[in-house]
Amino acid sequence: MAPLTRARAGRERLPNDLMAEYYAQRASAGLIITEATVISEQGIGWVDSPGIYNDAQVTGWQKTTAALHAKGTPIVLQLWHCGRASHSSFHSSTPAVSASAIKLNGDYLHTPIGKQPYETPRALETAEVAAVVQDYRRAAERAKAAGFDGVEIHAANGYLIDQFLQSRTYLPNCPAGFRKTRSTVSSCATKNCLRVVTWFTRREATAGTMGARSRRQTAKHPSTSG
Ligand SMILES: Cc1cc2nc3c(=O)[nH]c(=O)nc-3n(C[C@H](O)[C@H](O)[C@H](O)COP(=O)(O)O)c2cc1C
């Protein structure tokens, strides 16, 4: 089953009995990929979506993984960082972060204070990207502890990793004298840090019995849906 955001985890973003029941009802799909699940508070951008950044969320997800395993169905957790597809009201009135300070060209998004227009995000500093990588690593560790059979890194649909991968949402500060060609962009430190997300999370995942893959953008223009 493809990942489908359901937004049933409440303000604390705690996976609950309703979610375990929902996934167990769909066990006959054969393989379940969960709804996108935020790896950190910084990654939040959707009302009531679940998280995998604290111990209570690990315990909450164990209900779902146990229900699926009781039916013999593997389940993979989709790891999510919304980046600029978010709003300051999710982040104590500070801007959401992105690859560059470029506002999402969309009408509005649902936030804790109702429908709001998109805002200009703050570009992550290169040094901060390492902390995001660590958040992915910790999320993969927690997914393992919660009983998941694997993780999928959400790197599509206009979210943080996709924001780094698309030339119109990422205008890197390349070293002086370099032209901003695709190949130069690829050589920039920040983008390389993001590559490490996939590598690190895969390494973490495969250290146990868990698998990992990433969902990349296939459409020409990134959207923000799902
Ligand atoms: C309500 C809804 C929620 C979605 N949530 C997610 C999500 O959390 N993560 C994700 O990668 N894709 C999400 N998607 C995209 C779906 O996984 C899927 O790629 C899309 O519906 C196209 O599938 P189809 O070609 O079988 O229709 C969502 C789609 C819908 C309609």
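Start by selecting Gly 72: just after helix 2, Gly 72 has a positive phi of about 75 degrees. Helices (H or I, at least four residues) and strands (E, at least two) are DSSP runs, numbered from the N terminus. Residues are numbered from 1 along each chain as its sequence is written. You are looking at a predicted model, in which local features need pLDDT of at least 70, side-chain atom pairs count only at pLDDT 80 or more, and totals for chains, interfaces and linings use all residues.

**Helix 2.** Select residues 55–70. At 1.5 Å a residue (times one less than the number of residues), these 16 residues should span 22 Å, and the end C-alpha atoms agree, being 23 Å apart. Now colour the buried residues (20 or more other C-beta atoms within 10 Å of a residue's own, with C-beta atoms placed from the backbone); among them are Trp 61, Thr 64, Thr 65 and Leu 68. The buried residues of helix 2 pack against helix 1 (17–25), strand 1 (32–38) and strand 2 (75–80).

**Strand 2.** Next, select 75–80. Six of the six residues of strand 2 are buried, so the strand is largely enclosed by the rest of the structure. Which residues point which way? Ile 75, Leu 77 and Leu 79 point one way, while Val 76, Gln 78 and Trp 80 point the other. In a regular strand, side chains alternate between the two faces of the sheet.

**The neighbours.** Look for Val 38 opposite Trp 80. Together, strand 1, helix 2 and strand 2 form a right-handed β-α-β unit (with the strands pointing away from the viewer, the path from the first strand over the helix to the second runs clockwise).

**The whole sheet.** Show the four strands of this open sheet: their order is 1-2-7-8, with parallel pairing (at least two DSSP bridges for a pair). Strand 1 and strand 8 (211–216) are at the edges with a single partner strand each, so one side of each has no neighbour in the sheet.

**Confidence.** Finally, colour by pLDDT, the predictor's confidence in each residue from 0 to 100. The chain's mean is 86, with 79% of residues reaching 70 or more. Over residues 174–187, pLDDT is below 50. Where pLDDT is low, the predicted coordinates should not be read in detail.

Note on methods
Buried ≥ 20, exposed ≤ 12 C-beta atoms within 10 Å, placed from the backbone. Contact = placed C-beta atoms within 7 Å.
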